[in-house]
Every structure is written in structure tokens, then in C-alpha cells.
Amino acid sequence: MMTTETLETESPDALIARMGAAAREAAAELAVATPAQKAAALTGAAAAILSAQDAILEANARDLAHAEDKGLAPAMIDRLRLDPTRIAGIAEGLRAVAAQPDPVGRVLAEWNRPNGLHIQRVATPLGVLGVIYESRPNVTADAGALALKSGNAVILRGGTDSLQSSAAILAAMAEGLRAAGLPGTAIQMVPTRDRAAVTAMLRAQGLIDVIIPRGGKALVSLVQTEARVPVFAHLEGICHVYADADADLDKARRVVLNAKTRRTGICGAAECLLIDRGFFARHGDVLIRDLLEAGVEVRAEGELAQIPGTTPAAPDDFGREFLDMIIAARLVDGVEGAIAHIRRYGSQHTESILTENDATAAQFFQRLDSAILMRNASTQFADGGEFGMGAEIGIATGKMHARGPVGAEQLTSFKYLVTGDGTVRG
């Protein structure tokens, strides 16, 4: 295993070059690994993580102490924190990915040509993934599992605040790989806090096939600006909830409160509440009151700003990812007003409409182009696990290849298999 002493004499470029070369060798083995091997590696890793719970919690405690000394915001510390329930969830996620159908080798399309050729389009691994993420140690397991399931090797560069926790999780993942007879270099983690290693990953053409950033706007912008390797964009989660005039009040109250408060530090947390004037005329300030009573700071505009306890919204509060117990709120004129607002301020991540009107919901779904659109459901469901994918590497907000939750299936490409019978072209 790499040590800090070794790192002192190895430049970030040399480190990533060496890790990338090892990853390419591992990817060649993973591409032909059997579904049974990959499933065994994942179930073995799940068992190892549960067995290593104490060591993982000890490592996490060191990370938490470091983060608290740095003065990290409570929402960021919540992202970083592990406990027995969350560790059990990580293990369950690994088992869920193991149980899914293997995405490699799927025949995506098949046809015959008049010239006698038989053509198949078949799913194949991408190769080597580079995943750059902020301080959420569970991503170490999720990304490793999905890469393995899809036949890809992966180089992980987690947030510096989660370095100890991620290393402990990676050690357990390695046990599963070894037990299944797969190369330990299939899942590697950059073992340094030096930010120059990120730059080296972004420039690792020929070694890394795809970069997947998972984090805030600053991280994604850096990756998109500097990468010389293709990128799966994962922009910030400026998620909106729109309460339509025809919303059911009880459903609306449940969904709004859950969308904002269940976990504020995740990209699926609601950051803006849009209330139709018809809803407000009928039900008054009930949604705002619920949020205030739950301890949410409501940054409101117009008539909503007159509600006692709210804070006047600044212009930049709309289109902002708070990742905290803060939400922006505004009245809009019908679904058209909601759509116009979301088009202007959204990040094309996740939006939810609360309505019993089928035509209004259809208009919302048709005229918005976010990766995930919901009806009468909390934006907190914007998660690969909740979509039945077992886990996710992130929510892709771009429009190329993968979009929405990026699971194992989205981490494949394809190739064409063409069969003839001495067939020649005239």
C-alpha cells in the first residue's frame, strides 16, 4: 500500500501515471470477469465492511475531529459522519448492486442486413473511471461498487476531509476483490491531500477514460474547465418544489417538509419553494409556517416576505444551492410562472410538482428538461438507490450519454459485433 513517505518522493503526475497504468491492466481483467466473480467481490466487500465497522468508525471520528477543527458547516459534517446505521446502509448498497443483472455483454440491438451481415450492438465497459468527489465517504463504496459491476477500474479522489474514512472503506473493498480473485488495483484511491493530484487526473489522457465529478459548483466548474478527459457533468442540485393551485394540501405539506429537511446536505434537497398564487389564496401560509416551525430559514420574496419569521430574499438566493436549513420561496402565476422560474434559475437536476391536475403535471413534465422530474414526491428521492440502481456515482445533469442517476448500466459504452459468411462488399 502507498505510504506518505513514498509520496514525499513521488510527484502527483508520477503518482497518477503509475496508478493509471495499474488501473488499465486491471480494467482489462475486469472486462472479462464473470458476473459471478463481480457479484462475489461485492458481497465479500459488504461483509468486510460490516466486520470492519469499529475501524471505520474510528477513522471517521478522526475525520470528524479534523472537520470540526476546520469549522466545517453542520451540513458538511453531516455528509461526512458515519454511524452503524449508515455503515449498514453502505453494505446493503453493495449487496444491492451485486444482485442486479450484469450490464456488460447485454445485446442492445440486433439486426440482419440484406448483404448477409448479422450485426449486434453490445454493452462494454468504459475502461478506467476517475471519480472526484467531496467529503462523503459512502461515495467510496458506491463508486467502487458501480465501477466493478460495470467492468471498469476506478481511481477515486475523495474530499480531503474524508481521507481516513475512505481509506478504511477501501481496505474492506479490497478484501472482497482479493477473495474473488480480482486485481486489488481495480479500485484505487489517491492517497494524498495534494490538490495537484486532481489536476494530474484531469490531464491523464490515455490512462483515464472518463472523469466523474461529484460535488458543488466550484468542483464541477474546475473539472469542466481543466479536464482533457471526457466528463460526466454533475452540476449543483438547485432543486425546486412547485405547489400548484390544484395540489392536495396534506400531500403538499408532507412533501415540502421532507424535500427540505430530511437531509439538507445532499444534492436532492429542495432549495426553492414555488407557490402558485391560487394555492396561496386557498391555503395561506401553511407551507411557509411548516418550514419555519421545523427550524428552516425561509428567504422569501413579495407577499411571502410579509409572513412573520421569514427573511427577505436577496436576488442571489434564487438559483443558489444552500445545502443547509435554508430555502428560498416565491409566489408564481400558475405552472407557466413556475416553469419560467425553473428555466431561469435551475441547474437541470430535479424538480417536483405538487398537483392533482393531470394536464398541469403533463405540462410541467413536457416543458422542463431537468434530468429528473417528479409529481407529488419529495426531491430527496433523486438517488440511484431509490431508483432501484443499488447505488449511484452521481446525478448527471448534462445531456450526453448518462443522465440522471449514474448507475452501473450508465457506466457502459458499446461496440458492434458484425458476423458474415465470407461476405465481401461489391
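Helix α11 crosses helix α13 in a right-handed sense. This is a predicted model, so take what follows as computed from that prediction. The two helices cover residues 249-261 for α11 and residues 286-293 for α13. They pack at an angle of about 35°, and their axes lie 10 Å apart.

Who touches whom here? On the α11 side we have L249, A252, R253, V256, L257 and K260. On the α13 side the partners are V286, L287, D290 and L291. By class, that contact has seven nonpolar residues, three charged ones and no polar ones.

Next, the pair α6 and α7. Helix α6 runs over residues 84-99 and helix α7 over residues 138-149. Their packing angle is about 10°, with 10 Å between the axes. Because angles under 35 degrees count as roughly parallel, α6 is roughly parallel to α7.

In this contact, α6 supplies I90, L94, V97 and A98. From α7 come N138, A141, A145, L146 and K149. The split by class is seven nonpolar, one polar and one charged.

Last, a single residue. S166 sits in helix α8, which spans residues 163-179. Is S166 buried or exposed? Its relative accessibility is 1%, so S166 counts as buried, the cut-off for that being under 20%.

And what does S166 contact, once neighbours within four places in sequence are set aside? The list is Y133, P137, T140 and M189.

Note on methods: Residues are numbered from 1 along each chain as its sequence is written. This is a predicted model: local features need pLDDT of at least 70, side-chain atom pairs count only at pLDDT 80 or more; totals for chains, interfaces and linings use all residues. Side-chain values use heavy atoms; hydrogens and water are left out. Axes are lines fitted to C-alpha atoms, for helices over the stretch in contact, and angles run from 0 to 180 degrees between N-to-C directions. Helices (H or I, at least four residues) and strands (E, at least two) are DSSP runs, numbered from the N terminus. Angles under 35 degrees count as roughly parallel, over 145 as roughly antiparallel, 65 to 115 as roughly perpendicular and the rest as oblique. Contact means heavy atoms within 4.5 Å. Ala, Val, Leu, Ile, Met, Phe, Trp, Tyr, Cys and Pro count as nonpolar, Asp, Glu, Lys and Arg as charged, and the others, Gly among them, as polar. A crossing is left-handed if the near helix is turned anticlockwise from the far one by less than a right angle, and right-handed if clockwise. Buried means under 20% relative accessible area, exposed over 50%, partly exposed in between (1.4 Å probe, protein chains only).
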